[in-house]
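Dear colleague,

Please find the structure below, handed over for your study. I would be grateful if you kept it open while reading the notes that come after it.

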Amino acid sequence: MCRLGVQTSDWISVDDWESKQAGWTQTAKVLKHFAEDVVTKFPGSSPPTVKLLCGADLLESFAVPNLWADEDIEEIVGKHGLVVISRVGSNPESFIYESDVLTKYINNIHIVTEWISNDVSATKIRRALRRSESVKYLIPDPVIDYIKENKLYFPTK
């Protein structure tokens with residue numbers, strides 16, 4: 001599905017390592033894998049840095065009790081870093097300020113301000129599909145077709 005979503009891009013690629021893992025894989029483990037992979041693919045004294053790209057809503061999920069292990073948050077932000085895309089109604093700067101761990105690694109967190117509001121998220125796409133609402137023009141047609149063909153995000157009958 002991800003390959004279909006980026007098939008028209010000449011600079012975005014997809015790696016299926018995570019999807020080939022047995023079961024759910026912790027985000028910290030995924031970042032560690034790709035950080036090691038980057039060192040192998042781009043040898044030299046200064047390999048590229050692997051960061052977690054996320055929306056401000058995911059950043060704020062760090063505060064949800066028992067959702068993230070404290071040591072995983074520390075590893076994700078401390079060893080790798082975040083690129084956080086702002087979302088309507090969120091205040092990532094304030095959220096970071098209120099978190100001791102995030103403030104500790106403030107230099108590893110980069111906030112991208114979305115000047116043109118885009119409230120589209122995977123969560124909202126899944127919700128619309130569950131409700132049989134159209135997502136045309138929100139995600140590429142081949143991705144919509146794949147989701148429908150594989151009956152993803154639809155309630156089982």
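This is a predicted model: local features need pLDDT of at least 70, side-chain atom pairs count only at pLDDT 80 or more; totals for chains, interfaces and linings use all residues.

Residues are numbered from 1 along each chain as its sequence is written, and side-chain values use heavy atoms, with hydrogens and water left out.

Helices (H or I, at least four residues) and strands (E, at least two) are DSSP runs, numbered from the N terminus.

Salt bridges. Side chains of opposite charge can pair when their charged atoms come close. A salt bridge here is a side-chain nitrogen of Lys or Arg within 4 Å of a carboxyl oxygen of Asp or Glu. The whole structure contains five salt bridges, and three of them are described here:

- Lys 41 pairs with Asp 37, with closest N and O atoms 3.1 Å apart. Both residues belong to helix α2 (residues 27–41) and are four residues apart, about one turn of the helix. Lys 41 is exposed, at 52% relative accessibility (exposed means over 50% relative accessible area, buried under 20%, and partly exposed in between, with a 1.4 Å probe and protein chains only).
- Arg 87 pairs with Asp 57 at 3.3 Å, N to O. Arg 87 lies in the loop between β2 (82–85) and α5 (92–98) and Asp 57 in helix α3 (residues 56–60), so this pair ties together parts that are 30 residues apart in sequence.
- Asp 141 pairs with Lys 136, with closest N and O atoms 2.9 Å apart. Asp 141 is partly exposed at 36%, and Lys 136 is partly exposed at 37%.

Nonpolar cores. A nonpolar core is a set of buried Ala, Val, Leu, Ile, Met, Phe, Trp, Tyr and Cys residues joined through side-chain atoms within 4.5 Å. The largest has 20 residues, and Leu 59 and Phe 62 are among those with the most contacts inside it. Two or more residues of this core come from each of α2, β1 (52–55), α3, α4 (70–80), β2 and α5. A second, separate core has eight residues, including Ile 125 and Leu 129.

With kind regards
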